[in-house]
Amino acid sequence: MKRYLQQSLEHIFKNNKQWALSKKGADPAFFEKLAAGQSPNYLYIGCSDSRVPANEIMGLEAGEVFVHRNIANLVPNVDLNVMSVINYAVRHLQVKHIIVCGHYNCGGVKAALTPADLGLLNPWLRNIRDVYRLHEKELDGITDESSRYNRLIELNVMESCRNIIKTAAVQQSYQDHQYPIVHGWVFDLGDGLLKDLNIDFEGMLEDVKKIYCLSSSPNRE
Ligand SMILES: [Zn+2]
């Protein structure tokens with residue numbers, strides 16, 4: 001029996017109609033404003049995990065946050081997808097804050113710690129193994145397995161922040177306008193709360209610029 005072929009998604013369309021009605025009820029011009037354009041203050045880069053809905057956990061409405069999600073909230077230097085999102089958000093939308101939000105119990109990070117061939121996922125998860133290698137001493141010093149796993153989740157967020165700061169778009173915009181500011185957060189599935197890792201953005205920028213400085217490039221594409 002083709003059970004899923006026959007499964008109706010009618011409830012989603014019903015939910016959608018209800019949502020549209022309630023938005024219009026609260027603000028009759030809601031969709032006119034939405035259709036007119038976006039000028040979000042925030043770019044959110046998070047994990048694709050279904051338990052971490054970006055807008056919902058931040059209490060932000062449609063139009064308030066530009067969102068990119070992938071497995072384990074990575075920002076690989078050669079990933080055209082995330083790099084395009086950062087470029088567009090910084091150079092065109094002129095977001096004031098970029099948030100990398102990881103989460104405890106991240107399956108992607110757990111998979112990266114598993115000594116197994118995961119096929120197509122191998123090169124993606126290797127980015128997390130690289131984070132482990134960069135912080136091997138600290139991580140190996142944590143004897144409790146779940147604490148080590150949680151710390152890798154935090155360090156992975158910080159490395160994504162660092163990769164964002166390596167981009168010309170962020171370095172040049174910060175030099176010219178003093179934004180965007182990059183933030184590293186972790187969402188706790190256990191209590192629904194966001195934890196700010198309080199990364200030292202300016203310190204990280206200075207540190208990164210020793211090797212990756214692109215702010216004086218004449219070709220500001
Ligand atoms: Zn995850």
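These legends describe a predicted model of one chain, first as a whole and then in close-up. Residue numbers start from 1 along each chain as its sequence is written. Local features need pLDDT of at least 70 and side-chain atom pairs pLDDT 80 or more, while totals for chains, interfaces and linings use all residues; side-chain values use heavy atoms, without hydrogens or water.

Figure 1. Helices (H or I, at least four residues) and strands (E, at least two) are DSSP runs, numbered from the N terminus. The C-alpha atoms fill a box of roughly 55 × 50 × 30 Å along the principal axes. Of the 221 residues, 39% are buried. Buried means under 20% relative accessible area, exposed over 50%, and partly exposed in between (1.4 Å probe, protein chains only). Contact means heavy atoms within 4.5 Å. Among contacts with a separation of 6 or more, 65% join residues 24 or more positions apart.

**Figure 2. The accessible surface of the chain comes to about 13,100 Å².** Carbon and sulfur atoms account for 53% of this surface. Areas come from the Shrake-Rupley method with a 1.4 Å probe; for residues, only the protein chains shown count as cover.

**Figure 3. Leu 9, Ile 12 and Phe 13 make a nonpolar surface patch of about 320 Å².** Patch residues have over 30% relative accessible area and no salt bridge; nonpolar side chains (Val, Leu, Ile, Met, Phe, Trp, Tyr) are joined within 5 Å, like charges within 9 Å. A salt bridge is a side-chain nitrogen of Lys or Arg within 4 Å of a carboxyl oxygen of Asp or Glu. Ile 12 sits in helix H2 (residues 10-26). Its relative accessible area is 46%, so Ile 12 is partly exposed.

**Figure 4. Asn 73 has a positive phi, near 45 degrees, and is not a glycine.** Most residues other than glycine have a negative phi. Asn 73 lies in the loop between strand S2 (65-70) and helix H5 (80-91). With a relative accessible area of 2%, Asn 73 is buried.

**Figure 5. The peptide bond from Tyr 179 to Pro 180 is cis.** Omega is near 5 degrees. Most peptide bonds are trans. Pro 180 belongs to the loop between helix H10 (168-177) and strand S4 (181-187). Gln 178 is also found in the loop between H10 and S4. Though not a glycine, Gln 178 has a positive phi of about 65 degrees.
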